[in-house]
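The stops below are given in the order in which they may be selected.

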Amino acid sequence: MTTLFSKFLTKADIENVLSIPACTLGPLPFQEGQSMNMHAHDGNGHEWIFSCNIQRNESVGHFLSVGWIEFVRERNLQVDDSVTILEEVMKNQATCIKIEVKRKIRLFGKDIWADVI
């Protein structure tokens, strides 16, 4: 599996859209203002369909805006949770996008990262 993107969630990510700098994803197959659906699977095998579009901000340049409020609510995501988007090449050479979310918890005096399911 290849990590395409990873970040700690901010309040804006939780309340609005997940913003991903376009440069982290390599060449994208569409232009600013156009939209597409990204199909991603979670650790339970559930498929999520995220509406995405390219936007521009003067301070960060182009970024991918991912509509995912339903996912946020379903998982009760919080600020500082870690989200990772991965690409997996299957045996038939098709690619699959996976999404992982982890939360830091304190257990027996140590910080560990647990999957948010």
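Select Phe-108 first: this residue counts as exposed, because its relative accessibility is 80% (exposed means over 50% relative accessible area, buried under 20%, and partly exposed in between, with a 1.4 Å probe and protein chains only). Phe-108 lies in the loop between S7 and S8, and it has a positive phi of about 55° although it is not a glycine.

Before continuing, note that this is a predicted model, in which local features need pLDDT of at least 70, side-chain atom pairs count only at pLDDT 80 or more, and totals for chains, interfaces and linings use all residues. Residues are numbered from 1 along each chain as its sequence is written, and side-chain values use heavy atoms, with hydrogens and water left out.

Helices (H or I, at least four residues) and strands (E, at least two) are DSSP runs, numbered from the N terminus.

Is Cys-96 buried or exposed? Cys-96 counts as buried, because its relative accessibility is 14%. Cys-52 is also buried, with a relative accessible area of 1%. A search of the whole structure finds 0 disulfides (a disulfide is a pair of cysteine sulfur atoms within 2.5 Å).

Move to Asn-76, in the loop between helix H2 (69-75) and S6. Asn-76 has a positive phi of about 50° although it is not a glycine.

Finally, select Asp-42, Gly-43, Ile-99, Glu-100 and Asp-115, which lie nearest the centre of the second largest pocket among its 15 lining residues. A pocket is an open set of points on a 1 Å grid over the protein atoms alone, where a 1.4 Å probe fits, with protein on both sides within 12 Å along at least five of seven lines; lining residues have an atom within 4 Å of a point. The largest share of this lining, 5 residues, comes from S7.
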